[in-house]
Amino acid sequence: MLPIFKSLEHNCLKQNAEFHGFDGELLVDNPRDPNALSNVFVAAGESVGLPHNHDFNAQEQFGLGIYNVTQDTGSRFSSYAAFVKPIMGRKNLTVLSEANIQQLKLMDGRVTGVRLTVAGREQVLTCHHEVILSAGTINSPALLLRSGIGPSAELIAEGIEPVVDLPGVGKNLQDHIDGMITVRSPSRRTLGISLANAPAILAAPLNYFTRKRGMLTSNYVEAGGFARTRLAKDQPDIQFHFVPGYRSHRGKLVEYGHGYAVHTCVLRPKSRGEIRISNTGKGFEIDNQFFSDPQDAATLVEGIRVARSIFSAPSFDSYRGVEMLPGKEVQSDDEILEYLRAEALTVYHPAGSCKMGTDDMAVVAPDTLKVRGIENLRIADASIMPYLISGNTNAPSMMQH
Ligand SMILES: Cc1cc2nc3c(=O)[nH]c(=O)nc-3n(C[C@H](O)[C@H](O)[C@H](O)COP(=O)(O)OP(=O)(O)OC[C@H]3O[C@@H](n4cnc5c(N)ncnc54)[C@H](O)[C@@H]3O)c2cc1C
């Protein structure tokens with residue numbers, strides 16, 4: 001798939017041409033003004049044996065560094081900006097926003113149309129050729145289930161007439177389960193709201209709008225990387241997302257005062273959850289089943305220990321305040337696990353709920369991404385990944401298109 005990744009990318013950093021593209025639509029850059037603490041995190045890693053990795057997308061994933069971002073001179077550069085906006089003028093393209101697909105209409109093994117609401121009004125669009133569904137890992141299977149494509153017995157139990165019996169729809173749900181360490185800091189060099197920091201905050205919009213520089217260009221998780229716990233075999237089994245500002249565990253996005261935090265996630269989770277239809281097709285349930293495989297819990301406990309060792313490195317000495325979460329009283333495996341069971345969430349990388357493959361649980365064919373048993377329906381989104389990739393899922397989702 002490397003040639004496809006390269007064809008999408010417009011690398012602004014002149015990174016290694018073996019792994020990067022320079023003529024694609026998607027701008028790839030580095031954060032323009034990473035916070036000082038992001039560099040401290042990378043330096044701290046070096047003192048605990050994690051090398052400075054200057055390109056996570058090249059030969060070696062292992063190590064800490066500053067992440068690439070999809071930005072255009074300091075502003076977010078979305079998939080819409082890269083791939084859709086430039087072609088909005090095409091005569092054969094109609095984009096309906098505020099459109100909510102309710103159901104696929106099927107007849108004799110073909111999709112004949114989609115039922116949708118646009119600004120609250122119901123419509124039906126007829127399909128003469130084919131439909132490519134890209135509603136994401138939660139909504140693609142939910143739409144299939146609502147349309148009668150899925151495990152027959154479960155559909156019947158919810159009062160939905162099965163059209164195609166596909167037992168794998170909604171199953172195999174995976175995500176990167178993640179726990180945080182949050183630390184207060186006496187230093188106002190971290191991103192934070194305080195009286196002492198007020199002049200810098202007030203100057204930030206001017207800096208951003210006139211020079212595209214400063215703290216408003218931050219993507220918030222500028223640094224991070226990949227490491228091995230003592231349970232890993234060869235490849236990294238955990239990933240870090242470092243936040244150079246204080247935040248409670250997924251509480252408010254921004255809190256008063258200064259600090260820093262790190263998300264640690266399990267890169268190759270073994271637990272599998274599912275998306276289930278409920279309320280006679282009107283709703284659905286997301287059941288992640290996190291930690292249903294004990295290996296995931298053990299890996300994350302070890303991951304928290306690795307993250308703590310980075311935060312204990314001398315580079316953090318002049319920035320370190322009190323560890324708020326899990327807190328210094330949380331030390332044994334059982335205590336860390338109890339904290340994780342209460343607080344762990346995800347880094348928003350759901351995948352796998354319409355997996356490609358050739359086994360009985362496969363939903364789409366690997367060579368065409370066509371839904372089994374339906375002639376003219378394909379899926380292209382994170383739901384088709386049979387295994388969650390060991391990294392961030394945005395670029396691999398774009399790559400499928
Ligand atoms: C808060 C957050 C932060 C993230 N940060 C990163 C990151 O830093 N790096 C990274 O690599 N990945 C990140 N991800 C993950 C990344 O965004 C996803 O993996 C990626 O967007 C998945 O693409 P997709 O096409 O599968 O689904 P989506 O991007 O979710 O696209 C699905 C689209 O379908 C639309 N849709 C759904 N149902 C319907 C319906 N019934 N009718 C009409 N439209 C519908 C949705 O509105 C949406 O536009 C993040 C995710 C989140 C939520």
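Modeller: Domain bounds here come from an automatic or database domain assignment. This is a predicted model, in which local features need pLDDT of at least 70, side-chain atom pairs count only at pLDDT 80 or more, and totals for chains, interfaces and linings use all residues. Residues are numbered from 1 along each chain as its sequence is written.

Biologist: How far apart are the C-alpha centres of domain 1 and domain 2?

Modeller: The assignment gives domain 1 as 29-68 + 175-346 and domain 2 as 96-170 + 351-399. The distance between their C-alpha centres is 33 Å.

Biologist: Which element gives the largest share of the side of domain 1 that touches domain 2?

Modeller: In domain 1, 16 residues are in contact (C-beta atoms, placed from the backbone, within 7 Å) with 15 residues of domain 2. Two or more residues on that side come from strand E16 (274-278) and also from strand E17 (283-287). Helices (H or I, at least four residues) and strands (E, at least two) are DSSP runs, numbered from the N terminus. The largest share, 5 residues, belongs to E16.

Biologist: Is asparagine 139 buried, partly exposed or exposed?

Modeller: Asparagine 139 sits in helix H4 (residues 136-146). Buried means 20 or more other C-beta atoms, placed from the backbone, within 10 Å of its own, exposed means 12 or fewer, and partly exposed is in between. Asparagine 139 has 19 within 10 Å, so it is partly exposed.

Note on methods
Contact = placed C-beta atoms within 7 Å.
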